[in-house]
Amino acid sequence: MGILEVKDVGKRFGGLQALGDVNLSVAENTVHAIIGPNGAGKSTLLNCLVGKLIPDTGSVMFDGQSVLGRTPFEINQMGISRVFQTPEIFGELSVMENMMIPCFAKRDGSFRMHAIENMHNEKDIVEKAEAMLEDMNMADKRHMHSSSMSRGDKRRLEIGMCLAQEPRLLLLDEPTAGMARADTNNTIDLLKQIKEERDITIAIIEHDMHVVFSLSERITVLAQGTPLVEDTPENIKGHPKVREAYLGESA
Amino acid sequence: MLGLNKKDTSLLVIVAALVMFAPFILNPFPSDSGLAQFNAGYPDLMQRFVIFGIFAIGFNILFGLTGYLSFGHAAFLGVGSYSAVWMFKLLSMNVIPAIALAIVVSGLFAVLIGFVSLRRSGIYFSILTLAFAQMSFNLAYSVLTPITNGETGLQLTLNDPRILGESATADGSIPVTSLFGLEMRSTYEMVVGPWAFQFNAGYYLCGIIMLLAFYLSIRIFRSPFGMMLRAIKSNQTRLNYTGLNPRPYALAAFVISGMYAGLAGGLMASMDPLAGAERMQWTASGEVVLMTILGGTGTLIGPVLGAGFIKYFENIFSKINDTVLHNWFSFMPDGLEDFVVFLIHPFIGKGWHLTLGILFMLVVTFLPGGLVEGGQRISRMVKKKSDDDTNAKTTPAE
């Protein structure tokens, strides 16, 4: 039984069947990649996992509990953090403040009225955020406005913010999209390091095969809203069905 | 000091000094000089400065931090005023229970309106708040006449019960508002040569309350809660996916700012115990938006500056009339004098809105950060200049 169990999930947008009977099981403490050509339904699937979309049919269980019908912040509090395709950070806040917010969310839950408390009294939060920035090699940027950083740094900050919540499952939506080769390699190294140092399950959606094959332990190939195969990277590489899905019937 | 950092403490001290010495600062011209009409140091206007300062500080907690632009904040001001006047009618002429009730009632009212309006964001939120405020205005103006006394406005009468006070004074007039016996209208006048400085009890009560409100707003700005509010403005998606629920945070900010508005309304009624529906009109809601933007949205001191600026213009420019202008330009030849007066005429008296509009456009265009940005630019220029001076002085010595 995996930490994330997706059963018979279907989602229809008008006349388009975006997902049809998707079954997926992500085992705990593994890196699981979901790949597939454009329009295969990867992002739709991800949105169904985090509460942005509600599937028409099927069930999504995280650690034995259903996530369906819950709002994104509730699902996040259950232990699922999400990294977006374009980094979503608090652009008008400093890097340090960006890092403190998830620390508050982890400690205080989804809402707490701490309106006249002094930030200096939140020593545990400050220490945790500083340690996390240290881990991400961003300690020197702590006073910077986060919107003025490079894209690679924003991505790094976003991943750090997700980790600060100590999630059990980290979802990454094309984390290297639009990145230069060097930045991509940095991101791969960072994710590898995270994998080694923490008890965390990572599910990753990716186009870049280099990223997929250097990170993942299991791969699910999605095409036209249904999973084609699920296997180890070695077996996926030469799989005829995968080639067909990516290169078309004639190949 | 008081849980503030050095910079915020000095800001608070400066504001406190300005409030305490306002009767001097706002009265720079001798009362017999021609410039005396630019003096703003009389109780009525000074009270308005600080009361609208409170209103704008509260509005800024919502708009400046969360970015939710409410176009209906005058509704809370009006609700606060009505509550306070009812307290004067039913309980006593002491301002404390009146102000307390004003804050509580406007807070409850804000919970109701905020709960519905905050389901939408951006322009839809603004329109919802505007609609609610207009509904409140119309209710106060006609439907709820038994409570609000309709278009006449709610006033004190000799028949009011005033359980803990007296319905009428010994000489048969309506009692005046007071703070445990200290009458709000009592004014001490200090005459120094040609100057007459007025120290009004009501003004000082409002001033002290404004300082408390200002202090509280600094604490909110610097608190974790304030950081969450800025996070709402910055990126709601990320906030949601960081396990935080934006709605109660926004609602809390909305209610706090509604209570600030209620406090301002209560103080208004405490200074002058009557309340009319026009206080809830959309122009009044628009005014506080102008004050905040003019002063500097999201800055601590900006809204207070904006409120003072607009109230000064409203009361001083509107008093200049053609006779005054003719006096000023009497040194010119007759034809030219008439022509100049004719040119300036639309911008003064009842036309002060035109002047304000032009100033507002200039500020928003050239100083998007409001008056606060203007101040920062000037101080930076002065700093740079003094640096240049010291450099210039040291260079020849080398």
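Here is a short chat about how some descriptions of this predicted model are reached.

User: What makes chain A as compact as a globular protein of its length?

Analyst: Start with its make-up: chain A has 9 helices and 10 strands. Then look at the radius of gyration, which is 19 Å, while the globule rule gives 18 Å for 251 residues.

User: How much of chain A is buried, and what does buried mean here?

Analyst: A residue needs a relative accessible area under 20% to be called buried. In chain A, 52% of the 251 residues get that label. As for the surface, the accessible area of chain A is about 11,000 Å², and 48% of that belongs to carbon and sulfur atoms.

User: Why is strand S9 of chain A called largely enclosed?

Analyst: Strand S9 runs over residues 218-223 of chain A, and 5 of its 6 residues are buried. That's why we say the rest of the structure largely encloses S9(A).

User: Which strands pair with S9(A), and in which sense, parallel or antiparallel?

Analyst: Strand S3 of chain A, residues 31-35, pairs with S9(A) in the parallel sense over 4 bridges. Strand S10 of chain A, residues 226-231, runs antiparallel to S9(A), and 5 bridges join them. You can follow this through A:Ile219: A:Ala33 stands opposite A:Ile219, and A:Asp231 in S10(A) stands opposite A:Ile219 as well.

User: What do S9(A) and S10(A) form, and how many residues lie between them?

Analyst: They form a hairpin, with 2 residues between the strands. Have a look at A:Gln224 in the turn, which has a positive phi of about 50°.

User: How do you know whether B:Lys311 is buried or exposed?

Analyst: Set its value against the cut-offs: buried is under 20% relative accessible area, and exposed is over 50%. B:Lys311 has a relative accessible area of 3%, so it is buried. This lysine lies in helix H13 of chain B, residues 302-316.

User: And which residues does B:Lys311 touch, leaving out those up to four places away in sequence?

Analyst: B:Lys311 touches B:Leu45, B:Arg48, B:Phe49, B:Phe52, B:Glu287 and B:Met291. Touching here means heavy atoms within 4.5 Å.

How values were computed: Residues numbered from 1 in each chain as written. Chains lettered and ligands numbered in written order. Predicted model: local features only at pLDDT ≥ 70, side-chain atom pairs only at ≥ 80, totals over all residues. Heavy atoms only, no water. Rg over C-alpha atoms; globule rule 2.2 N^0.38 Å. Buried < 20%, exposed > 50% of the residue type's maximum accessible area, 1.4 Å probe, protein only. Areas by Shrake-Rupley, 256 points an atom, 1.4 Å probe, with all protein chains shown as cover. Pairing = 2+ DSSP bridges.
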